[in-house]
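Reader: Before any side-chain detail is used, I would like to go through the model in questions and answers, with the confidence values kept in view.

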Amino acid sequence: MNPRRENRNNRVALFDGIEEGGIRAQSLYSSSHEIDEHDNEQAMDGLQDRVSLLKRLSGDIQEEVDTHNRMLDHMGNDMDSSRGVLSGTMDKFKMVFETKSSRRMFTLVASFVVLFLIVYYLTR
């Protein structure tokens, strides 16, 4: 069954028969306005069913929240470790670029450009 439809049916079952803060008077009172014991027990059973349904729904919600919290914690830990790896890589790049002289770097870049142009004209 569709989970949304099931949740809707659970809500309907939970709140069925309750209107404006009280239980519908479906023959709960006799003509002399005395409470019939059998009808009172039926109303109590209905309330107990609703309470157990509400308890089950709140347990399902709690389980879902716990699952999502675990997933978010795991994702946060993964992001922290990725940030550490990226930071280390950037530090290594900085160290490489700082130790090389600017003249050497320019020569290296210029040789790559010339090599690219030669390969481009040969394949053309």
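Reader: How many salt bridges does a search of the whole structure find?

Author: This is a predicted model, in which side-chain atom pairs count only at pLDDT 80 or more. The side chains of R83 and D80 meet with an N to O distance of 3.2 Å, and both residues lie in helix α2, three residues apart, about one turn of the helix. For the whole structure, the search finds one salt bridge.

Reader: Is R83 buried or exposed?

Author: Its partner in the salt bridge, D80, has a relative accessible area of 46% and is partly exposed. For R83 the relative accessible area is 55%, and because exposed means over 50%, R83 counts as exposed.

Reader: Which class, stacked, tilted or edge-to-face, describes the pair of rings of Y120 and Y121?

Author: The count comes to one aromatic pair. The ring centres of Y120 and Y121 are 5.6 Å apart, with the planes at 65°; Y120 is partly exposed at 42% relative accessible area, whereas Y121 is exposed at 56%. Since planes over 60 degrees apart count as edge-to-face, the pair of Y120 and Y121 is edge-to-face.

Reader: Which element of the chain has the lowest mean pLDDT?

Author: The chain averages a pLDDT of 77, with 67% of the residues scoring at least 70. Over residues 19–33 the pLDDT is below 50, although this stretch has 16 contacts in the model beyond near neighbours in sequence. Helix α2 (residues 37–99) has the highest mean, 87, and the lowest, 48, belongs to strand β2 (residues 22–23).

Methods: Residues are numbered from 1 along each chain as its sequence is written. Side-chain values use heavy atoms; hydrogens and water are left out. Rings of Phe, Tyr and Trp (its six-membered ring) pair if their centres lie within 6.5 Å; planes under 30 degrees apart count as stacked, over 60 as edge-to-face and the rest as tilted. Buried means under 20% relative accessible area, exposed over 50%, partly exposed in between (1.4 Å probe, protein chains only). pLDDT is the predictor's confidence in each residue, from 0 to 100. Helices (H or I, at least four residues) and strands (E, at least two) are DSSP runs, numbered from the N terminus. Contact means heavy atoms within 4.5 Å. A salt bridge is a side-chain nitrogen of Lys or Arg within 4 Å of a carboxyl oxygen of Asp or Glu.
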